[in-house]
Each structure stands twice: as structure tokens, then as C-alpha cells.
Amino acid sequence: MQIKFKTTQDWLTFDKDHLWHPYTSMKDPLPCYPVVGAKDVYLELADGQKLIDGMSSWWSALHGYNQEKLNEALVEQMQKMSHVMFGGIAHQPASELGARLLQITPDCFEHVFLADSGSISVEVALKMALQYWQSSGQKDKHSFLTIRGGYHGDPFTCMSVGDPDNAQHSLFPRAITKHHFVERPQTRFHENWDESDIDAFTHALESKHANIAAVIVEPIVQGAGGMHFYHPEYLRRVRALCDTHNVLLIFDEIATGFGRTGKLFAMEHANITPDILCVGKALTGGMMTLAATITTRNVAMTISSGEVPVLMHGPTFMGNPLACAVACASIDLLLQRGEGALYPQGWAHQICCIEQGLQDLRATIDHKDVKDVRILGGIGVVEMHAPVNVTSIQAALVSKGVWVRPFGNLIYIMPPYTISDEQLKTLCGAIIEVIQSADPA
Ligand SMILES: Cc1ncc(COP(=O)(O)O)c(C=O)c1O
């Protein structure tokens with residue numbers, strides 16, 4: 001049977017009746033906007049309206065959409081080989097991506113696992129930590145310690161180290177393994193460091209380290225758990241405490257990696273390195289799904305010298321050649337500078353310009369419904385006192401020609417790095433107008 005929907009309304013109706021979207025109900029779904037194209041920083045709706053994208057498709061499309069160099073890399077690789085299993089087979093795109101990842105991350109990293117999505121790379125990181133201690137003969141180290149307000153993905157292991165106060169923990173209380181949580185850091189990124197901020201973490205690690213395999217955190221920016229930007233000193237203390245108490249440290253840079261916070265990786269704000277690093281999202285410039293778990297020689301060799309000397313993970317689409325080829329092209333686009341480059345003055349300069357442009361959002365701070373405005377690198381957040389009505393606020397923003405997807409009490413943006421000053425003004429202006437016109441202060 002051949003199925004071809006005749007009108008936009010036909011496939012939209014099918015979508016509404018049959019397709020699940022992220023975190024929505026099948027009975028009363030939130031409205032979906034029909035997108036038929038995406039080019040540069042614009043999403044094109046079926047009726048021809050073009051929206052400036054403020055979300056980079058959830059942190060991923062850092063160069064905007066339909067980038068020629070990424071398309072070329074995809075087509076070139078597709079003509080040679082789209083996918084082959086990674087079990088017993090090696091291929092050049094994977095090696096070239098692995099080499100690039102080791103080149104752009106600190107020297108301590110030597111081994112790369114190419115996972116098929118961000119949450120799987122977290123799953124692999126946690127498994128690496130457990131296997132590391134099993135191989136070291138310390139089988140009591142089977143728990144994880146983390147900070148509240150984190151988000152590491154939706155599979156069960158990732159949920160188990162995500163914020164314990166979110167809906168998932170209360171929905172599946174018996175199925176989620178219990179791990180250890182401490183309050184999230186209170187000292188914000190731009191504030192003076194408050195020494196007492198590390199007390200809860202210190203106490204937890206001192207008392208529980210015998211059972212803790214690893215600490216996992218999103219460095220500097222807690223994303224989906226509240227868009228909270230915390231102080232780099234917290235991470236330096238965490239690193240030192242993990243060393244003292246013989247606990248591995250995992251950084252989840254799936255959202256923050258590839259320049260979003262103003263450093264290539266957020267850990268650079270603290271000038272420290274974890275034992276295991278997860279990257280994803282922007283890895284392929286948002287073209288396709290791919291992530292990586294990167295680790296040190298010590299971790300890899302300890303696992304490989306254990307009773308079970310293999311890392312117990314191997315997804316079907318591990319190291320997909322198309323995704324690897326596109327990721328190589330995306331990293332090259334990001335790092336190239338000079339005439340003809342996408343970022344002639346370098347990506348960091350571009351992020352500085354975006355950070356300056358985002359300051360416009362501060363115009364909302366005097367509104368009675370706005371609790372806080374925070375900006376770091378290419379991320380701008382307006383935190384409201386109460387949860388927003390996503391449907392109505394999104395409709396208002398779309399009518400002003402921008403794409404923003406609020407959640408909870410947060411209206412936040414992280415636009416593609418290719419956004420122009422003028423487009424950024426329009427994007428921030430739409431948010432300001434929508435907040436200020438809702439109900440004047
Ligand atoms: C910090 C962090 N870790 C992990 C994930 C999960 O990645 P994915 O959705 O690719 O599985 C996300 C996704 O938003 C994330 O922000």
C-alpha cells in the first residue's frame with residue numbers, strides 16, 4: 001500500500017492522532033507547527049512563514065540548517081557507504097572523528113566510544129565507571145553521586161542520576177535505582193565563590209565514597225534541569241574531592257560542548273578534566289544523531305585488564321559512518337577561521353557577539369512576572385516566577401516570526417552561532433514584547 005498525504009492538513013492530522021511527540025499526551029497533545037524546510041537560522045512553516053530559530057533544535061544545530069559543507073560530507077560518505085556494523089569492522093570516518101575528538105579535548109583523553117545518542121553515551125559512561133571498579137576488585141563501588149537539578153537523558157540509568165524531584169522519579173519510584181544526591185551549587189557563575197557551597201558535597205563524598213563509583217555532573221550549566229549556571233570553583237573542588245576519595249568523575253557536556261558557553265568545552269571554565277567525558281548534540285552540527293564517551297588510558301586499560309576484559313556495550317548503529325563524516329565536517333567548520341570560513345574571526349568571537357546581543361533580554365527584568373535573567377555565552381534565559389502557558393506563548397512568538405520552546409517557568413534561547421546581530425535583535429525583541437505585553441508590570 002502506498003501512502004502519500006495530499007495536503008499538509010492530512011499529515012498533520014495523522015501526526016496528531018498517531019505520533020507521540022516529546023513529553024506530550026496522545027489525548028490532549030500540545031499543538032505542533034508543520035515545518036517543511038530549514039535553511040540557515042530559519043525554520044520554514046507549511047504556509048511559507050519563516051521563523052528565526054532560537055533553539056538550535058535543542059542545542060544541536062550550531063551552524064544553522066542546510067549547511068552546504070555538512071550536506072556535502074553526508075552525500076560524499078553516502079555514496080561510499082552509509083552504514084556498516086562496527087563489530088569487527090573499522091572505517092575511516094570513525095577514525096577521523098576519533099582523532100579530531102582527541103585533538104580538541106585535553107591530552108589526558110585517549111579512548112573514544114562512539115555512541116548513537118547522548119543518553120546512550122551517558123549510559124556508557126556510567127557503565128565504564130562501574131566496570132572500572134569491578135576490574136579493580138572494588139565491587140562495592142556501585143553507586144553514583146550527583147547534584148540535584150541535573151538532566152542526563154530519559155533511559156532508566158540516565159533518569160536515575162537526573163533530578164530526583166522531577167516527574168520521572170515520582171512516576172517510576174520502584175523502577176529507578178536509588179543513587180545519591182546533594183543540593184545543587186548555589187554560587188552562580190558570575191558571583192563571588194561562597195566557600196560553604198561545597199559543604200554538602202564534601203560531606204556526602206566523605207561519608208559514602210566506599211560505595212561510590214563516580215560523580216556525574218553537567219559542568220557549569222545544568223540545562224533541562226533548570227538552566228542553572230554555577231561557579232567553576234565548585235567543579236575544581238569536586239575534582240579534588242574525587243581524587244582524595246578515589247571516585248571517578250564524569251562530565252556530561254552533551255549540551256555544553258562545542259563552544260556554547262564561550263569555551264569549547266564548559267570544563268575549561270574551571271580548567272580541570274574529568275575521567276570520562278560525554279559529548280553529543282552539536283557533535284554533528286545537528287544533522288544526525290551521534291554522541292561519544294571519551295576516557296583516559298587509565299580507565300580504558302583498567303577495564304580491559306579485568307576479569308571481564310571488554311566494555312559491555314555495542315549498539316547496532318555505533319560509529320555510523322554518515323554521522324561520523326558529518327561530525328568531522330562540523331568540527332572543521334567550527335574550528336576554521338580566516339577568509340572564507342563560516343566564522344572568519346573564530347567561533348569564540350561569534351559567541352561573544354551573541355552573548356552581547358542576548359543582553360537585550362535584560363529589558364524584561366523589571367516586569368513583575370520575571371524572576372531572573374541570565375546569560376552565558378550563547379545561552380539566554382528568562383526565568384519567570386510561575387510556569388508559562390507554552391501553547392499561548394509559543395503562538396505569540398510564532399506570530400512575531402521566532403521559534404522558541406519554553407518549558408516550566410523558563411523562556412530560554414540558544415540560537416545557531418550563525419545568527420546575525422539583526423536576527424538576534426528580532427529574536428530577543430519578540431521575547432521582550434511577548435513578556436511585556438502579557439500583563440504590564
Ligand atoms: C546534559 C544532557 N545529557 C544528556 C542528554 C540526552 O541526550 P539525547 O537526547 O541525545 O539522548 C541531554 C539532552 O537534552 C542533555 O541535555
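**View 1. Thr261 sits in the loop between strand E10 (248-252) and strand E11 (276-279).** Helices (H or I, at least four residues) and strands (E, at least two) are DSSP runs, numbered from the N terminus. The model is predicted, so local features need pLDDT of at least 70 and side-chain atom pairs count only at pLDDT 80 or more, while totals for chains, interfaces and linings use all residues. Residues are numbered from 1 along each chain as its sequence is written, and side-chain values use heavy atoms, with hydrogens and water left out. Thr261 has a relative accessible area of 3% and is therefore buried (under 20% relative accessible area; exposed is over 50%, partly exposed in between; 1.4 Å probe, protein chains only). The side chains of Thr261 and His269 make a polar contact at 3.0 Å. A polar contact is a pair of N or O atoms within 3.5 Å; within protein, one must be able to donate a hydrogen and the other to accept it, and residues adjacent in sequence count only if both atoms are side-chain atoms. Not counting residues up to four places away in sequence, Thr261 touches Val221, Thr256, Ala266, His269, Leu376, Gly377 and Ile379, where contact means heavy atoms within 4.5 Å.

View 2. A polar side-chain atom of Ser119 lies 2.5 Å from an oxygen atom of the ligand, and one of Lys281 lies 2.8 Å from an oxygen atom of the ligand. For Asp252, a polar side-chain atom is 2.6 Å from a nitrogen atom of the ligand. The ligand taken alone exposes 390 Å², and the protein buries 80% of that (Shrake-Rupley method with a 1.4 Å probe; for residues, only the protein chains shown count as cover).

**View 3. A cluster of Trp193, Phe201, Tyr230 and Tyr234 is linked by ring pairs.** Rings of Phe, Tyr and Trp (its six-membered ring) pair if their centres lie within 6.5 Å; planes under 30 degrees apart count as stacked, over 60 as edge-to-face and the rest as tilted. The whole structure holds ten aromatic pairs. Phe201 and Tyr234 form an edge-to-face pair, 6.1 Å centre to centre with 70 degrees between the planes. Phe201 lies in helix H8 (residues 199-208) and Tyr234 in helix H9 (residues 232-244), so this pair ties together parts that are 33 residues apart in sequence. Both Phe201 and Tyr234 are buried. Tyr230 and Tyr234 also pair edge-to-face, at 5.8 Å centre to centre and 80 degrees between the planes. Tyr230 is buried, at 0% relative accessibility.

**View 4. His228 lies in strand E9 (residues 228-229).** His228 counts as buried because its relative accessibility is 13%. Leaving out residues up to four places away in sequence, His228 touches Arg184, Pro185, Ile220, Val221, Gln222 and Arg374.

**View 5. Ile354 belongs to helix H12 (residues 347-358).** Ile354 is buried, with a relative accessible area of 1%. Ile354 and Ile419 are 65 residues apart in sequence and 8.0 Å apart in space, C-alpha to C-alpha. Beyond four places in sequence, the residues that Ile354 touches include Gly377, Pro415, Tyr417, Ile419 and Leu424.
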